[in-house]
Amino acid sequence: MQLTVWTYEGPPHVGAMRVATGMDGLHYVLHAPQGDTYADLLFTMIERRDKRPPVTYTTFSARDLGGDTAELFKNAAKDAYDRFKPEAMIVGASCTGSLIQDDPGGLARSLGLPIPVITVDLPAYQRKENWGAAETFYQLVRALAGPSAPAPGKRRPERSTGVRPTCNLLGPTALGFRHRDDIIEITALLAKLGIDVNVTAPMTATPADIARLGEADFNVVLYPEVAAQAASWLQRSFGQPFTKTVPIGVSATRQFIEEVAVLAGIDPAAVLKASASRLPWYSRSVDSTYLTGKRVFIFGDASHAVAAARVASDELGFKVVGLGTYSREFARDIRAAAELYGVEPLITDDYLEVEAKVQELQPELVLGTQMERHIAKRFGIPCAVISAPVHVQDFPARYAPQMGFEGSNVIFDTWVHPLMMGLEEHLLAMFKDDFEFKDGAQPSHLGAGHAVPQKQPAPETTIENVISVPAAIWAADAENELKKIPFFVRGKARRNTERFANENGVATITIETLYDAKAHYAR
């Protein structure tokens with residue numbers, strides 16, 4: 001365990017809560033002390049859900065540790081069944097609850113409840129949230145769909161002629177990044193192909209739906225971090241193949257359509273021909289030519305990070321200068337992708353390491369989680385969120401998928417607009433001496449409430465700070481020329497020029513020095 005201000009993932013029982021909260025008819029009884037109920041806020045405040053998660057806490061306190069905490073759990077489980085009448089129940093312990101070793105699974109089974117009770121034994125101090133979600137979903141699938149699995153060695157019956165192929169959508173959960181809208185987008189895309197969705201799980205599914213997962217012809221794995229383990233088990237047990245392509249970006253969506261068509265035995269030509277996304281043309285249009293070659297740093301869960309790197313490099317013409325993930329279970333995928341772009345992979349769950357890497361690379365755009373949004377804001381770098389963990393603004397009221405062709409349109413707007421706002425600032429700086437502008441003009445997207453930044457007087461040179469003062473000084477015309485450089489690379493241009501001047505013994509930086517330095521570092 002590591003004490004930290006920010007964390008990319010919560011403990012594994014939060015992952016179990018994401019699965020339970022996304023489903024209907026499932027209740028989670030969690031053996032946990034007072035204080036662990038904080039997780040409710042993740043769903044009601046951040047995700048804006050209109051009801052609290054289906055979770056009952058035992059909420060034992062310090063004085064209960066001298067008594068019978070096992071009986072406390074049994075009472076909580078029985079009361080939860082009597083009150084909520086769920087179709088199935090999962091039971092487990094939080095980080096602190098696991099230390100008293102009360103065996104929630106055995107205690108719940110001893111009650112003889114007339115519903116399936118699934119034990120979710122999550123190693124709280126070795127694993128984290130995404131793993132907890134994947135393990136919970138896997139245990140649910142095994143327990144509820146397992147009884148209908150065919151005997152080992154028995155071949156799956158062929159689909160009858162004239163019957164539309166069916167699939168399951170696996171992976172979406174509560175608190176997932178744009179999962180709600182991704183389901184709608186991919187369901188509509190599959191319908192155009194003539195494929196029906198049998199079950200979407202965990203989100204929107206009931207325990208009865210989980211039990212009939214085996215009826216589908218194949219599985220679509222939307223989020224491997226949650227669904228890969230369950231999909232592998234379904235393939236072994238029911239002979240259901242599953243997709244490997246995550247349909248984020250135009251090229252990945254087309255590849256996904258082709259992959260699904262093979263699994264369903266259909267012709268995708270008409271759908272591929274009719275596919276429509278504005279991203280390809282927008283990324284080639286005149287204003288977007290300005291964006292070509294922009295240096296981008298990407299960090300998030302492995303699936304979204306790999307997909308973002310592909311879109312950034314292949315579809316928008318950005319240059320990937322950094323790529324990483326906090327998902328250690330999927331580190332191999334990130335390393336393989338990083339090798340394609342010639343960058344060093346960053347596998348860490350320490351946001352301070354990510355911050356140091358952003359500071360070192362000085363990218364022109366950061367694509368990451370809510371934490372990278374804060375990091376980029378501190379450094380004055382444009383940024384966009386591409387992955388959980390996210391905050392309330394990343395659960396918009398509007399339709400905003402990440403997957404499919406419409407998801408590609410959303411991605412273009414989300415990623416490019418921060419850079420275009422940077423262009424606006426650059427143009428204001430260039431034309432501030434025009435009679436129509438004034439020196440204190442602020443970029444419109446910052447709003448009228450922002451005060452005009454005041455120039456700070458140069459610090460007095462003293463013995464204490466003399467070592468930080470550059471040897472070269474800037475001529476006025478060189479300073480004016482420097483202001484014409486876009487703000488998000490201006491700091492790097494200044495540092496490079498000063499380093500060039502100091503290394504070459506230049507006492508006064510002129511316009512010529514500025515362009516000599518540019519030529520030197522462009523080699």
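## How α15 and α16 cross

Helices α15 and α16 cross in a right-handed sense (right-handed if the near helix is turned clockwise from the far one by less than a right angle, left-handed if anticlockwise). Helix α15 covers residues 351-361 and helix α16 residues 370-379, and the two pack at an angle of about 40° with their axes 10 Å apart. Axes here are lines fitted to C-alpha atoms, for helices over the stretch in contact, and angles run from 0 to 180 degrees between N-to-C directions. The pair is therefore oblique (under 35 degrees counts as roughly parallel, over 145 as roughly antiparallel, 65 to 115 as roughly perpendicular, and the rest as oblique). Helices (H or I, at least four residues) and strands (E, at least two) are DSSP runs, numbered from the N terminus.

On the α15 side, the residues that meet α16 are Tyr351, Val354, Glu355, Val358 and Gln359, and they face Met371, Glu372, Ile375, Arg378 and Phe379; contact means heavy atoms within 4.5 Å. By class, this comes to 6 nonpolar, 1 polar and 3 charged residues. Ala, Val, Leu, Ile, Met, Phe, Trp, Tyr, Cys and Pro count as nonpolar, Asp, Glu, Lys and Arg as charged, and the others, Gly among them, as polar.

## What you're looking at

This is a predicted model, where local features need pLDDT of at least 70 and side-chain atom pairs count only at pLDDT 80 or more, while totals for chains, interfaces and linings use all residues. Residues are numbered from 1 along each chain as its sequence is written, and side-chain values use heavy atoms, with hydrogens and water left out.

Next up are α13 and α14. The axes of α13 and helix α14 (residues 331-341) come within 10 Å and cross at roughly 15°, so α13 and α14 are roughly parallel to each other. Their crossing is left-handed. Ala302, Ala305, Val306, Ala309, Arg310 and Ser313 of α13 make the contact with Asp333, Ile334, Ala337 and Tyr341 of α14. Sorted by class, those residues are 7 nonpolar, 1 polar and 2 charged.

Then there's helix α5 (residues 129-145) against helix α8 (residues 224-238), packed at about 25° with axes 6 Å apart. That angle makes α5 roughly parallel to α8, and the crossing of α5 and α8 is right-handed. Contributors from α5 include Phe137, Tyr138 and Val141, while those from α8 include Trp233, Leu234 and Phe238. The contact of α5 with α8 has 12 nonpolar, 2 polar and 3 charged residues.

In soluble globular proteins, nonpolar side chains tend to be buried together. In this model, the largest nonpolar core has 54 residues, and Leu190, Ile298, Leu323 and Trp415 touch the most other members. Helix α13 (residues 302-315) supplies the largest share of this core, 7 residues. There's also a second, separate core of 49 residues, with Val55, Ile90, Leu144 and Leu213 among them. A nonpolar core is a set of buried Ala, Val, Leu, Ile, Met, Phe, Trp, Tyr and Cys residues joined through side-chain atoms within 4.5 Å; buried means under 20% relative accessible area, exposed over 50%, and partly exposed in between (1.4 Å probe, protein chains only).

Trp415 is worth a click. Leaving aside neighbours within four places in sequence, tryptophan 415 is in contact with Ala308, Val311, Ala312, Leu316, Leu365, Leu367, Ala384 and Ile386.

One joins alanine 201 and proline 202, with omega about 5°, and proline 202 sits in the loop between β6 (196-201) and α7 (207-211). A cis bond also joins alanine 388 and proline 389, again with omega about 5°; proline 389 lies in the loop between β12 (383-385) and α17 (404-430).

Lysine 85 isn't a glycine, yet has a positive phi of about 50°. Lysine 85 is in the loop between α3 (69-84) and β3 (88-93) and is exposed, with a relative accessible area of 52%. Leucine 175, also not a glycine, has a positive phi of about 70°. Leucine 175 falls in the loop between β5 (166-170) and α6 (179-192), but this residue is buried, at 12% relative accessible area.

## Proline 401

Proline 401 is in the loop between β12 and α17, and at 0% relative accessibility counts as buried. The C-alpha atoms of proline 401 and histidine 179 are separated by 7.5 Å, although these residues are 222 apart along the chain. Beyond four places in sequence, proline 401 is in contact with Asp181, Asp182, Glu185, Glu406, Gly407 and Val410.
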